[in-house]
Structure formats: C-alpha cells, structure tokens
Amino acid sequence: MSRSAPSGQASAVSGKVVITGGEGGLARAIHAAFVDAGLDVMAPGRAELDVTDEAGAKDYFRRHSPELLVCNAGITRDAPLAKLREADWDQVLAVNLRGAANCAAAALKGMLRSRSGHIVFISSYSAIHPPAGQAAYAAAKAGLIGLGKSLAKELGSAGIRVNVILPGFLETRMTEAVSPERRDQVKSEHALGRFNTPEAVAAFLRTLHLHLPHTSGQVFQLDSRVG
C-alpha cells in the first residue's frame, strides 16, 4: 500500500515506482530510499519480471503502471571480443539494452495516458570509458545513453522525463569477482580515492525524481573518475 508523501515534495511522488533487476545491491538501496520517501515501490527479480521477455514485460506493466521506472537489470559476460561466445554477446545485449527498451515501451502505455512519468536508465562508466575485454557490456550500456536521449526528445511533449545515471564502480554482488589488484587500479582512477555507494546513488535518484521535475535528457556520472 502507498504511504502519503511527506509535505513539501513535488507532485511526482504520486504513483508507483518499479525497479527492474530488483535482487541486486543497487536495486535494494533504491527500493529503501523510495520507501523512506513514502512511495509504493516494487523491485521484481527475474522470476517475477524477465526483462528479455517482451510479452512478459507487457503483461507485468499492464498490471503495474509506474510513475517512475528504473531500468536497473544488468549482467556482465566479460571476455576479449575474439573469445566472446555469441550466446554471451546476445545475452548481455538482451538483458542490458533490449530488456530496458522492452520495459520502457511497456511502461509508457500508462505514462502516455496520464501524460506524466519518469524513466531512468542505469548505464555505466564503461559506456564512455570501457576497459579492455568488456565490449558487449560497454556496447549495451552505451546504447542506453542513446536510448535515453532519444526517448527524452520523443516523450517530452507528453510530460514524460527520461534520464540516464552512471553510478560508477559499486561494491555489490556484481563486482565481487573483481580481483583486489583490479579493484585498487580502479580506485586509483578516482579523484577522491574512494568508490561511490549504492546508498548515495539511491539518494541522488530520489532527489532527481522528487525535486528536479524539469530535468530530462541528461546523463549523470556520479563517481569521481575524471577523463
């Protein structure tokens, strides 16, 4: 059940929040931030919402029409391109890019009816400065930037906002396999010498949604890597 929004917040707080890839560490932090703001939040995992299933996405958003959609579902299958299996390439693009587009298209039906809404794509620093061996992931996440900017222009006249967030390196389950040496190398690239956190990203996203109602078509890099 929705809780009423605290006084003084923007009208965008009405309605539901849906966060795809709801089993991850970032999704859990975003879920907590919006529940704390008094919103009705859903964070479906793959069993409830397989973003690669277009028909399933349409059915899910027919039953759950969000005011805010956070396209957060993502996977990595890193390898040099010459050694990357075709199936892994297809899966990375299917989850990270096509899955986000599936969910956005399905959620837009309700947003267009109400002439309001907000879609946020969770991209990656790898979209603009990819490391070696991450061609599929970088291509998919770069695609989200193009998708977000295009949709912002397409949907602005309907009162629908679209933004893209690059959270930076987060210490979550997705990055557990990163070696200590690589972790230290990545940290050395940060001007502040520290990583961003899921909680800080969630706080930014809450502010973007609730208090920046005139912001759309933007790409926000949230860590301190310069270059």
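Colleague: Which residues in α2 meet Asn102, Cys103, Ala106 and Ala107 in α3?

Modeller: In this predicted model, which numbers residues from 1 along each chain as its sequence is written, local features need pLDDT of at least 70 and side-chain atom pairs 80 or more, while totals for chains, interfaces and linings use all residues. Side-chain values rest on heavy atoms, without hydrogens or water. Contact means heavy atoms within 4.5 Å. On the α2 side, the residues are Glu54, Ala57, Lys58 and Phe61.

Colleague: Which residues do α2 and α3 span, and at what angle do their axes cross?

Modeller: Helices are DSSP runs (H or I, at least four residues; strands are E, at least two), numbered from the N terminus. Helix α2 covers residues 54-63, and α3 covers residues 86-114. Axes are lines fitted to C-alpha atoms over the stretch in contact, with angles from 0 to 180 degrees between N-to-C directions. For α2 and α3 the axes come within 8 Å and cross at roughly 35°.

Colleague: How do the residues of the contact of α2 with α3 divide by class?

Modeller: Ala, Val, Leu, Ile, Met, Phe, Trp, Tyr, Cys and Pro count as nonpolar, Asp, Glu, Lys and Arg as charged, and the others, Gly among them, as polar. The contact of α2 with α3 has five nonpolar, one polar and two charged residues.

Colleague: At what angle do α3 and α4 pack?

Modeller: Helix α4 (residues 135-155) packs with α3 at an angle of about 20°, the two axes being 8 Å apart. The contact includes Trp89, Leu93, Leu97 and Leu108 of α3, and Tyr137, Lys141, Leu144 and Leu151 of α4. By class, this contact of α3 with α4 has 18 nonpolar, two polar and one charged residues.

Colleague: How many cavities of 30 Å³ or more are found?

Modeller: A cavity is a set of points, on a 1 Å grid over the protein atoms alone, where a 1.4 Å probe fits but cannot get out; lining residues have an atom within 4 Å of a point. Points join across faces, edges and corners, and volume is the space filled by probe spheres set on them. The search of the whole structure finds one such cavity, and the largest cavity holds about 30 Å³ of space.

Colleague: Which helix gives the most to the lining of the largest cavity?

Modeller: Helix α3 does, with four residues. The lining consists of Thr20, Val51, Cys71, Asn72, Ala73, Val95, Asn96, Gly99 and Ala100. Five of these lining residues are nonpolar, four are polar and none is charged. Asn96 and Ala100 of the lining are also among the α3 residues in contact with α4.

Colleague: Where does Arg115 lie?

Modeller: Arg115 is in the loop between α3 and β4 (117-122). Its phi is near 55°, a positive value in a residue other than glycine.

Notes: On a 1 Å grid over the protein atoms alone, a cavity is a set of points where a 1.4 Å probe fits but cannot get out, and a pocket is an open set with protein on both sides within 12 Å along at least five of seven lines; lining residues have an atom within 4 Å of a point.
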